[in-house]
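Welcome, and please open your viewer.

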Amino acid sequence: MNSHLQGEAETATAPRQPLRRPTEQQESGPLWSSYVYAIGRADSGLDTAVPRLTGLRDGRLRTVTAARLTALVSSVPADAFSAEGMKAQLENLTELEEIARTHHSVVEAAHTGTTVLPMRLATVYLDDDRVRSMLQERGAEFDALLSRLDGHAELGVKVYADPHAAAAAPSPAPDGPDPAASPVSPGRAYLQQRRARRRTQRDAYRAAGALADGVRVRVAPLARDRVAHRPQQGELASGAGENIANEAYLVPTDRIREFHRALAGLADGVPGVRVEVTGPWAPYSFATPPAESRSA
C-alpha cells in the first residue's frame with residue numbers, strides 16, 4: 001500500500017443512530033455521504049467495473065457523471081465519515097487499515113481496465129450533487145491529468161540499510177597472523193571490535209545512499225516523472241533494516257519490464273543493503289486530488 005495516501009473529509013452533520021444499508025433510491029441523504037475512490041473519463045468503461053466491486057462498509061459502488069468525467073462512489077455513514085468521525089477513524093490503526101485496504105482495492109480494480117485518478121484516502125462529499133459540482137469545477141484539470149497519465153503506471157522503489165545484516169556478513173579471510181605483532185589484551189580487542197562495528201554501520205548507510213543515487217540514474221531514461229516520499233518508519237516499513245529512500249516513478253506501461261530489469265540484482269554483493277521494487281500501481285503519487293471543501 002502506498003504511504004502517501006492522506007485523509008480529506010467534507011463536514012456533515014447527522015444524528016448518530018443505527019443505520020441500514022440504503023436502497024438504490026436512497027444512496028445519499030441525511031444519514032449517508034458520498035465517498036469518492038477514483039475519477040475517470042465518462043466513456044472509459046468504469047460503469048462496467050461497478051458490479052464486481054464492493055466499497056467501504058460493504059457498500060455498493062456506483063458512478064456519478066458530469067463534465068465528461070465519471071467518479072467511482074459508494075455511500076458511507078455520514079456521522080462516521082464527517083470531519084470529526086474521520087479524524088477518529090484515522091487515529092485507529094485497525095479502522096485506518098480497513099479503509100486504506102478497501103480504497104486501494106477499488107482503485108486498483110478500476111485501474112486494470114482504464115486510466116483513473118486515484119482520490120486521497122477519505123475523500124467524502126455530502127451527496128452526489130456535491131460530487132457532480134466538484135467534477136464540473138475541476139473538469140479541465142482532471143482531463144489534462146488523465147491525458148498525462150494515460151498509458152502509464154506507478155512503480156515504487158525503496159532502499160533499505162541494515163547494519164546488523166552488514167555486520168553478520170562474512171569478512172574477507174585475513175592473510176594470517178603477523179608473528180611480529182604484539183599480543184592484544186581483551187580490553188583492547190573489545191574496543192577494536194566496537195570500532196569495527198561502527199565502521200560497518202557507517203559503511204552500510206553510505207552504501208545504501210550511493211545505491212539509491214544509482215537507482216535514479218538507472219531508471220531516469222525509463223520514467224516520465226519521479227516523486228520522493230518520506231522514508232517509511234515503524235509499522236509502515238516492511239522487512240528488516242531502515243528505509244532511507246522511498247520513491248515513486250511514473251513509467252509507460254510498455255517499459256515496466258525494462259524498469260524491473262534495470263534494477264534486478266542492483267544490491268547483490270552489497271552487505272546490509274536491500275532494494276525493493278513494487279507495482280505497477282494506479283498512479284497515486286501523480287494524481288492531484290480535489291481541494292478540500294466544506295459544507296455551507
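Start by coloring the chain by pLDDT, the predictor's confidence in each residue, from 0 to 100. Among the elements of the chain, helix 8 has the highest mean pLDDT, 96, and strand 1 (residues 8–9) has the lowest, 41. Helices here (H or I, at least four residues) and strands (E, at least two) are DSSP runs, numbered from the N terminus. Over the chain, the mean pLDDT is 79, and 72% of the residues reach 70 or more.

Now select residues 187–194, where the pLDDT is below 50. Beyond near neighbours in sequence, this stretch has 3 contacts in the model, a contact being heavy atoms within 4.5 Å. Residues 289–296 also have a pLDDT below 50, and that stretch has 28 contacts beyond near neighbours in sequence. Where pLDDT is low, the predicted coordinates should not be read in detail.

Two notes before moving on. This is a predicted model, in which local features need pLDDT of at least 70 and side-chain atom pairs count only at pLDDT 80 or more, while totals for chains, interfaces and linings use all residues. Residues are numbered from 1 along each chain as its sequence is written, and side-chain values use heavy atoms, with hydrogens and water left out.

**The whole chain**

Zoom out and show the cartoon: the chain has 8 helices and 10 strands. Of its 296 residues, 43% count as buried; buried means under 20% relative accessible area, exposed over 50%, and partly exposed in between (1.4 Å probe, protein chains only). Among contacts between residues at least 6 apart in sequence, 81% join residues at least 24 apart.

Select residues 32–41, which form strand 2. Here 9 of the 10 residues are buried, so strand 2 is largely enclosed by the rest of the structure. Which strands pair with strand 2? Two strands are said to pair if DSSP finds at least two bridges between them. Strand 6 (residues 123–125) pairs with strand 2 in the antiparallel sense over 2 bridges, and so does strand 5 (residues 117–118).

Then show Ser34, which stands opposite Tyr125 in strand 6, and Ala38, whose partner in strand 5 is Pro118.

Stay on Val76 for a moment. Is Val76 buried or exposed? Val76 is buried, with a relative accessible area of 0%. Leaving aside neighbours within four places in sequence, Val76 is in contact with Leu31, Trp32, Ser33, Tyr35, Leu56, Phe81 and Val124. Val76 and Val124 are 48 residues apart in sequence, and their C-alpha atoms are 8.6 Å apart in space.

**The largest nonpolar core**

Next, select Tyr35 and Phe81. Of the 26 residues in the largest nonpolar core, these two touch the most other members. Such a core is a set of buried Ala, Val, Leu, Ile, Met, Phe, Trp, Tyr and Cys residues joined through side-chain atoms within 4.5 Å. In soluble globular proteins, nonpolar side chains tend to be buried together.

Jump to His152, in strand 7 (residues 152–161). His152 is buried, with a relative accessible area of 13%. A polar atom of its side chain lies 3.0 Å from the backbone oxygen of Asp150. Not counting residues up to four places away in sequence, His152 touches residues including His111, Arg224 and Leu250.

Then pick Arg226 in strand 8 (residues 225–229). Arg226 is partly exposed, with a relative accessible area of 39%. Its side chain makes a polar contact with the side chain of Glu247 (2.9 Å); a polar contact is a pair of N or O atoms within 3.5 Å, where within protein one must be able to donate a hydrogen and the other to accept it, and residues adjacent in sequence count only if both atoms are side-chain atoms. The C-alpha atoms of Arg226 and Tyr249, 23 residues apart along the chain, are separated by 4.5 Å.

**Last stop: helix 8**

Finish at residues 256–263, helix 8, and show the buried residues Ile256, Phe259, Ala262 and Leu263. Seen down the helix axis, they fall within an arc of 120°, so they line one face of helix 8; the arc is that of the directions from the helix axis to the C-beta atoms. The face turned away from this buried side carries the exposed residues Arg257 and Arg261. Just after helix 8, look for Gly265, which takes a positive phi of about 70°.
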